[in-house]
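Please read them beside the coordinates.

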Amino acid sequence: MNRKYRKTVIAANWKMNKTPTETKAFMTEFKGLMPKGRWCDVAICVPAVCIPAAVRAMRETRVGIGGENCSAHASGAFTGEIAANMLVDAGCKYVIIGHSERRAMGETDAEVNAKVKAALLNELIPIMCVGESLAQREAGITEEWITMQVKAGLAGIPEEKIRKIVIAYEPIWAIGTGKVATPEQAEEVCEHIRTVIRKMFGAKIARATSILYGGSMNEKNAYELLAQPDIDGGLIGGASLVPEKFVQIIEAANQPTN
Ligand code: PGA
């Protein structure tokens with residue numbers, strides 16, 4: 001982390017877990033445990049139907065609610081899809097885009113790029129995910145792959161908008177597997193992502209961009225991961241479903257930085 005130049009963001013990705021009723025119960029418990037200090041931004045991204053309950057519960061707190069996906073289109077005949085302006089109107093501040101589980105369902109880099117643009121147009125903060133598979137890591141092409149994903153995802157986005165984007169590095173082999181990347185492995189790729197952004201948009205923007213790590217991050221390994229200079233927060237799946245664990249990860253972001 002580097003709090004001088006960029007925000008620390010601790011974000012939850014609930015995936016397809018919890019009903020609206022369970023959301024309300026989580027939020028009540030979470031609010032009681034939430035640390036008072038403001039050392040980081042906190043985002044909770046929830047299933048679309050849980051957004052109203054989450055927004056209602058977190059009103060007048062500093063926690064931002066987010067969606068887990070949005071359409072690249074503004075409106076129209078796209079049954080089952082949700083437009084970025086609908087998320088905003090429902091009270092969202094964030095949206096996860098290009099999660100590997102969605103990419104596995106067929107989402108392309110071009111679609112990720114279009115969705116990031118749709119989110120920005122509606123003043124939503126996109127949390128754009130990138131990450132390599134185990135086969136790609138073992139083949140030694142992690143950096144090339146990540147470079148390609150970052151370049152494609154951010155293509156054609158004006159400089160002044162890049163500052164609003166949060167990037168999450170999530171190695172696919174670490175997601176939901178309990179097999180966390182070592183702090184060194186995670187730092188190496190996050191630093192590389194910053195280099196790619198520097199080449200695309202310049203040093204100032206690269207320095208100001210928050211880059212998160214995700215993949216089996218939990219209350220036990222968060223402190224060490226967040227101590228890395230280029231890891232500015234986390235995108236947390238499993239451990240974000242339990243209020244005490246998620247709170248402990250937020251607390252781990254309260255550590256000295258450069
Ligand atoms: P995990 O999920 O923390 O359960 O590994 C992270 C994610 O997919 O965002």
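1. For residue classes, Ala, Val, Leu, Ile, Met, Phe, Trp, Tyr, Cys and Pro are taken as nonpolar, Asp, Glu, Lys and Arg as charged, and the others, Gly among them, as polar. On that basis the lining of the largest pocket holds 11 nonpolar, five polar and five charged residues.

2. The model is predicted: local features need pLDDT of at least 70 and side-chain atom pairs pLDDT 80 or more, while totals for chains, interfaces and linings use all residues. Numbering starts from 1 along each chain as its sequence is written, and side-chain values use heavy atoms, without hydrogens and water.

3. A pocket is an open set of points on a 1 Å grid over the protein atoms alone, where a 1.4 Å probe fits, with protein on both sides within 12 Å along at least five of seven lines; lining residues have an atom within 4 Å of a point. A volume is the space filled by probe spheres set on the points, which are joined across faces, edges and corners.

4. The largest pocket contains about 470 Å³ of space. Its lining comprises 21 residues, with Pro-47, Ala-48, Glu-68, Asn-69 and Arg-102 nearest the centre.

5. The second largest pocket has about 220 Å³ and 20 lining residues; Gly-176, Gly-215, Ser-216, Met-217 and Gly-238 lie nearest its centre. Its lining divides into six nonpolar, 12 polar and two charged residues.

6. Polar contacts are pairs of N or O atoms within 3.5 Å. A ligand oxygen lies 2.6 Å from a side-chain N or O atom of Glu-170, and a ligand oxygen is 3.3 Å from one of Asn-13. At Gly-238, a polar backbone atom is 2.8 Å from a ligand oxygen. The protein buries 95% of the 290 Å² that the ligand exposes when taken alone (Shrake-Rupley method, 1.4 Å probe).

Methods
Polar contact = N/O pair within 3.5 Å; in protein donor to acceptor, adjacent residues only side chain to side chain.
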